[in-house]
Amino acid sequence: MSAPNCLRCLVRPSAALRLSAPPPASALKPATPPLTAAASRRAPFSTTPAAAAAPKSSSQGQQAAAKGHVRKGKRLTLKGKKKQKSLDHGKSPLPGERKAYRKRITLSNDNAIKVPWLTDLAAPDLADPANVGKVLALPPTTQDQLRASEAFKPTQTWGMFRQPAVLVRKETVDLTQRMQEAAAARKVLRMVVTGNKVTGKSLMLLQAMTHAFLNEWVVIHLPEAQELTTAVTEYAPLADTSPVQYSQPVYALKLLHAIRKANADVLAKTFTVSEHSELPQSLPAGSPLLAIANQAKEVDSAWVIFQALWNELMAPAPNRPPILLSLDGLAHVMRVSDYRSPAFEPIHAFDLALVRLFTDALGGAVKFPAGGAVLGATSRNNSPRSPSMELALAQREAEQQQQQQPGVEVPQKDPFFRGYDERVDAVLRSVQVLRLGGVDRREARALLEYWAASGMLRTVVDEKAVAEKWTLAGGGVLGEMERASLLTMRV
Amino acid sequence: MMPSSRRGLTSAVRGVCKALDGTASRRPPSLEQQLRSLRLSSPALAPVPGSRRCLSTESSDPAGSRQQPPPQLAITAAAPVNLASLASRPRLAEHARVLPASASYFSRTPVFNEHFLEVYKLSRTYANLPVIPSADAERVAWKTLFDLRQTLGEPVKATEYAQCLKLVKRLHLIHPDLKPPAVTDALRYFKRDVQGFLNAPKPIAIDKFGRALGVGRRKASVAHAWVVEGDGQVLINGKTLADYFGRVHDRESAVWALHATDRIDKYNVWARVTGGGTTGQAEALKLAVAKALMAHEPALKPALRRAGCITRDPRRVERKKHGRVKARKMPTWVKR
């Protein structure tokens, strides 16, 4: 709302225009037409004196008024060259800048309304069944840790809200409770999170990581499995391995940086049990693990440092932290990779040392000293077909169901199909499967209420709205609920 | 002898004419002329100047003949015509050719005229029979002008068709209990062969499992939707709504009938859709769900109609025409 009068000088805007306008221009420069036409066309509600701005130098109408009919612009040109417009678009973005813009993670939106009842997550919250159907915020330190380990993805809608917050689902509590039980029993929870498109698989990993960070676990997260197997990072054969394994030093360095940044506190409290002379700067026993991670500065030594760190974490010592090892995009590691051996033979993904580290842990070959969890999440975006993995997950799921209802049939291998991979079968022989689907009405309602409280959903959240969104989202599929209610507002 | 009556006069004139037949002109004189000539010849009447013409046939000299009528032509009245006997006499083949039974034979539209006449006669005959209000009468699809022209092969005029159909509709309104069989027979001809109004919609039944099956169509898609009381789950060809329709708009279309009536969390939908594209399938589902929903709650029909879930959208792909690139698109203009 603009006041009808100018608030400074208490003059009506039209009068103010006349007052502040320069003396009639025709007196000074006969070619310039009087400004009154332009001035009177200003929006009547604007209290800004129009003449305060510099007078328009030359618009077409003014020229026409000054010189009469302008012939030049109207001349018919039959074969004339078109004037090349040299539009100045400013500086074009540097290489990689566009991608960085595309992949940036925005975790807050200052324009979103602050939700008053939103509380930060504490250590036991994610494992508390009383919190099912609540939206809880991620504390700032955890945000930094998660960001360092690349748990947030650019497709998620963190940037719409003032503070990153997560919905606690039944599956979340189930998963975190199992993690707790495993850590208490010094065992390893080996689990694959799977489900349909946009059902929240990556977010389930994020919640597991949040739980781990809050409970002072060491978290090693491989955010995109395809970065490991699609031959986009350097690789080198490892000496003294048979069959030959390959290290990926550049990726290892990046991973070490992430581990160091995300787990600095825990690593500083954990100490080595043996001395490390193979490192660039040899470390005596009893030095903090953070010192090992701190040495990761160059690609050449990255794999050695990573192995030293891993061996220390695996060392059977009394006060080791539990470990969460997680990987997103499982299908990419459950296949033959795009790398080639020096003999130009395709390299199986399990022959990549970093992948093997994960798959050995997932297959149950590694015992963590303080227990922990190995989580893999399948992805439905750009994921290759892996028939063995699909079959194994279906079998494990059926076996899990069999414990509740004995009549369930376990799918068997197609005897006429050759695409199965025995190494994959061996890894996935005894994992647990957590299948994600839609959330129920209560959880959906909590989420919608949070969105509405943030000002992102502009409807009354009642039973009708919840039912509608729930149905449109194919039975409460979270990503589809976002699409149906949040992203429709994105212009 | 003086003719005492008009009939006598007439016959007298006839007698004159017969006597003069040899010399008289071939044209038979009109009754008026005869009467005038009679007036002239009878002494009781004043001479009329216009009567000369009739007498001019008698002799070549009109001036003399007026003064001196020939004495030997005595007017004798012919025997009166006995009309009764004329009528009773059997008329034997007086004509050499066969005459059609109806005069319509000579018109351009003989069959139509016959029917028209029949309807006309019936409407005159039964004009006084009680009628029912047109809303109560059985709905009939009458032959259109085009249909009539096609079936008859006659160039029936639109105005005549309109007049005829007006009578037909009037006859149709006669109270069914009193309607004569002749009327029913006559009207049968004007009914279309296919009576769409006889197609009574089959009410959708709810089976023993509580399901109602609705069928909807749009473009090339056909959707069968089984709607059952539930909590808002939707399965289309075995997939959830979000899996089956990528566009949110299509999802909304598919459950629009439930959404518009606030029933989205009261029913479950299990649907089978075939043919067409995504939009067509979604909108076919809209109709199918609406029909099945009406089986559960018939009172929702006005609300569903307002929501646009009742009327079938008849639009299809427009056919391509020769000389055009697509249905409407013209080829690119090329100089020379």
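Helices and strands are DSSP runs, numbered from the N terminus. The legends below use those numbers. The model shown is predicted.

**View 1. Arg320(A) sits in a loop of chain A.** The loop runs between α12 (302-314) and β7 (323-328) of chain A. Is Arg320(A) buried or exposed? Arg320(A) counts as buried, because its relative accessibility is 7% and the cut-off for buried is under 20%. A polar atom of its side chain lies 2.3 Å from the backbone oxygen of Phe271(A). Leaving aside neighbours within four places in sequence, Arg320(A) is in contact with several residues, including Thr270(A), Thr272(A), Val273(A) and Leu289(A). Glu312(A), Leu313(A), Pro369(A) and Ala370(A) are also among its contacts.

**View 2. Chain A as a whole.** Chain A has 18 helices and eleven strands. Of its 491 residues, 46% count as buried. Take the contacts in chain A between residues at least 6 apart in sequence: 73% of them join residues at least 24 apart.

**View 3. A salt bridge inside one helix of chain A links Arg178(A) and Asp174(A).** The closest N and O atoms of this pair are 3.2 Å apart. Both residues lie in helix α7 (residues 170-184) of chain A. They are four residues apart, about one turn of the helix. Arg178(A) is partly exposed, at 23% relative accessibility. Asp174(A) is partly exposed too, at 28%.

**View 4. Asp351(A) and Arg423(A) form a salt bridge.** The closest N and O atoms are 2.9 Å apart. Where do the two partners lie? Asp351(A) is in the loop between β9 (346-348) and α13 (353-363) of chain A, and Arg423(A) is in helix α15 (residues 422-427) of chain A, so the pair ties together parts that are 72 residues apart in sequence. Asp351(A) is buried, with a relative accessible area of 12%. Arg423(A) is partly exposed, at 31%.

**View 5. Salt bridges in chain B include the pair Arg192(B) and Asp147(B).** Their side chains meet at 3.5 Å, N to O. This pair links distant parts of the chain, 45 residues apart. Arg192(B) is in the loop between α9 (181-188) and β1 (212-218) of chain B. Asp147(B) is in helix α7 (residues 145-152) of chain B. Both residues are partly exposed: Arg192(B) has a relative accessible area of 36%, and Asp147(B) has 22%. Elsewhere in chain B, a network of salt bridges links Arg218(B), Glu283(B), Asp313(B) and Arg315(B). Over all chains, the count comes to 32 salt bridges.

View 6. The whole structure holds 13 aromatic pairs over all chains. Phe417(A) is partly exposed, with a relative accessible area of 38%. Tyr189(B) counts as partly exposed, at 22% relative accessibility. Phe190(B) counts as buried, at 2%. In chain A, Trp117(A), Phe161(A) and Tyr450(A) form one aromatic cluster.

**View 7. Chain B meets chain A.** How many residues does each chain bring to the contact? Chain B gives 18 residues and chain A gives 14. Together the chains bury about 1,300 Å², with 58% of it on carbon and sulfur atoms. In chain B, Val248(B), Arg251(B) and Ile264(B) lose the most area to chain A. Those three account for 31% of what that side buries. Two salt bridges are counted between the chains. In a salt bridge between Lys464(A) and Asp262(B), the side chains meet at 3.4 Å, N to O. Six residue pairs are in polar contact across the interface. On the side of chain B that touches chain A, the elements giving two or more residues are α10 (241-244) and α11 (248-254). The residues of that side divide into six nonpolar, five polar and seven charged.

**View 8. Lys326(B) is exposed.** Its relative accessible area is 53%. Lys326(B) lies in the segment after α14 (301-306) of chain B. Not counting residues up to four places away in sequence, Lys326(B) touches Lys320(B) and Lys321(B).

Definitions and conventions. Residues numbered from 1 in each chain as written. Chains lettered and ligands numbered in written order. Predicted model: local features only at pLDDT ≥ 70, side-chain atom pairs only at ≥ 80, totals over all residues. Heavy atoms only, no water. Contact = heavy atoms within 4.5 Å. Buried area = accessible area lost by both parts, 1.4 Å probe. Salt bridge = Lys/Arg side-chain N within 4 Å of Asp/Glu carboxyl O. Polar contact = N/O pair within 3.5 Å; in protein donor to acceptor, adjacent residues only side chain to side chain. Nonpolar A, V, L, I, M, F, W, Y, C, P; charged D, E, K, R; others polar. Phe/Tyr/Trp six-rings, centres within 6.5 Å; stacked < 30°, edge-to-face > 60°. Buried < 20%, exposed > 50% of the residue type's maximum accessible area, 1.4 Å probe, protein only.
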